[in-house]
Amino acid sequence: MSFLSIRNLCLALRDTGAPLLRGVSLDVAAGEVHGLVGESGAGKSMIGKAVLGILPRAVAVTAGQILLDGQDLLALPPGERRRQIGRMAALIPQDPLTALNPSRRIGPQITDRLVDILGWSRNRAEARALELLEEVQVNDPARVLRQYPHELSGGMRQRILIASAFAAEPRLIVADEPTTALDVTVQKQILRLIAGMQARHGTALLFVTHDLGVVSKVCGSLSVLYAGRVLEQAAMRDFFAAPRHAYSAALLAATPKYTDPDGSLTPVPEAILAQVRAEIVAYDAGISGGKHG
Amino acid sequence: MADLTDGRGMLRRKMGWRLRLSAGWLTLLVLAALAAPLIAPQDPLAQDLFLTRLPPFWMAGAEPGYWLGTDSLGRDVLSRILHGARLALVVALIAGSITCLVGGMLGLLAGFLRGWVDVVISRLIDIWMAFPPVLFSILLIAVIGPGVGSIILAIVIIDWTRFARVIRAEAMAQGAMDYVASAQIAGRGRMGTMLREILPNVLPTLVVLLTLEMGIAVIVEAILSFVNLSISTDDPTWGGMIAEGRLSVHQAWWVLVFPLVTLFLTVLAFSQLGEGLKDHFDPVLR
């Protein structure tokens, strides 16, 4: 029984109707880490945003279901949906520089959700925040809680955001390219931290990234997206051993290798892209054909 | 022991001269306005036709007790400036604050809620800004009649757009930040997000605008007094003094110059106070 189950999710731009997601289905079991990979614009982040109910106002859900713990979020009234999402899910955002409110101290930004959602007292929430900051290896957590975001480095802020995502013990966390904005040395620590926290807390994780190297380190399974369409879903081991879709194979081949720093970068061949586009055109035609009869 | 490897937490800004000078002048002015009846050397309304157009104290022919000279009706210029400060400051504080509240709120709503709220407020701003402001206020006062309340109302009605436009843009920019999304995921409602997440971040801008607006309110009050549309003509106002001084500028320049300089310094101090406060308190330098 999967904790998060997305069924045939379609998103489109409100005014032009241009499709952003084309019938995406995926399942994430409780405690599992599922990777979403694809080029920029493939719709990876949109899936995460749809799950968390923070789609930009220009984007509309045109079809599909998002089942969180068996409950269809899209069928719920907005207030109830927000309550359910707040109780069960959280986000580790991409850019730690804009993800903390610059004019509020760190402490309340972590404890807010404990007080608001779980109804804890301030003191209990603060004790928990201290514990969490220790768990994400922040030095002198008591002082950090009283600081403002601008007083901390990017890596520190990302640690705080991770602590804050895990604070209310959500059962699903969407990590939206959590290491992209960090420099390489910090990236690795943060990845290890997320993986460790995930394992300890048994949280399901939807990990959005364009970096296959990152996926291979943390994910148990993955979906490869192109133009809002899932091209392949596989367990991690199977995927790296033998990708089924030609595009996935090309994507793997395009990953730069540390063992060959002078080798030139391999782009995804034009022929394969053409094949993928043809598949998508065929899908779109099938949809509109179905609509008209 | 502070963290030695990261100086970000140790950043402290010292208070600049800009802030000291402007705050100093305004404090002086507020005190003078409060104590005007006590410290004014003469009755600001008392005319004395034997003492008309007395020069300021350092010039030949000056009388003791009339430090900045007298006007063509023999009224003491310094006393009139001190009493005029009361109206100027009352208008600046009250009109500035109300304008800030009204315009800031509308801008915040438009910029954060977007959608039809934004459409309505933005169109209203566009239409509003097509009116020539000074003529509009003169017309308004001609209709509703002069008085302190009318001046304040005129300033609020004319100038709320100044706040609404800027705060709308700021709120929009803040609304696109990830922390707003995080707050929403954490189950915070729209109004809660607006007031607790967005508002604190537009406050520095709001403070700067507020002080600018106070300066503008002083000018508008002076303009309305200049064209004799503020309060009863007997009561001293800086604008009224400038209007009277203009008529006798060749015989008694001081009647024009002293209120003008006071007005200038006050408006300058308000705008510099805003900039200084922003430098001092905005922790982020976004």
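User: In which order do the four strands of the open sheet in chain A lie, and is the pairing parallel or antiparallel?

Analyst: This is a predicted model, in which local features need pLDDT of at least 70 and side-chain atom pairs count only at pLDDT 80 or more, while totals for chains, interfaces and linings use all residues. Residues are numbered from 1 along each chain as its sequence is written, and chains are lettered from A and ligands numbered from 1 in the order in which they are written. Strands of a sheet pair through backbone hydrogen bonds, either parallel or antiparallel. Strands (E, at least two residues) and helices (H or I, at least four) are DSSP runs, numbered from the N terminus, and two strands pair if DSSP finds at least two bridges between them. In chain A the order is β2-β1-β4-β5, with antiparallel pairing. β2 (19–29) and β5 (71–72) of chain A stand at the edges with a single partner strand each, so one side of each has no neighbour in the sheet.

User: How many bridges join β1 of chain A to β2(A)?

Analyst: Seven bridges join β1 (residues 2–13) of chain A to β2(A), and the two run antiparallel. As one case, A:Leu4 has A:Val28 in β2(A) as its bridge partner.

User: How do helices α5 and α6 of chain B cross?

Analyst: Axes are lines fitted to C-alpha atoms, for helices over the stretch in contact, and angles run from 0 to 180 degrees between N-to-C directions. The axes of α5 (residues 133–144) and α6 (residues 148–175) of chain B come within 10 Å and cross at roughly 140 degrees. That makes α5(B) oblique to α6(B) (under 35 degrees is roughly parallel, over 145 roughly antiparallel, 65 to 115 roughly perpendicular, the rest oblique).

User: Which residues meet there?

Analyst: Two residues are in contact if their C-beta atoms, placed from the backbone, lie within 7 Å. In α5(B), the residues include B:Phe136 and B:Leu140; those they meet in α6(B) include B:Ala154 and B:Ile157. By class, this contact has eight nonpolar, two polar and no charged residues (Ala, Val, Leu, Ile, Met, Phe, Trp, Tyr, Cys and Pro are nonpolar, Asp, Glu, Lys and Arg charged, and the others, Gly among them, polar).

User: How many residues of each chain are in contact with the other chain?

Analyst: 29 residues of chain A are in contact with 20 residues of chain B. On the side of chain A that touches chain B, α2(A) gives the most, with four residues. The residues of that side divide into 13 nonpolar, seven polar and nine charged.
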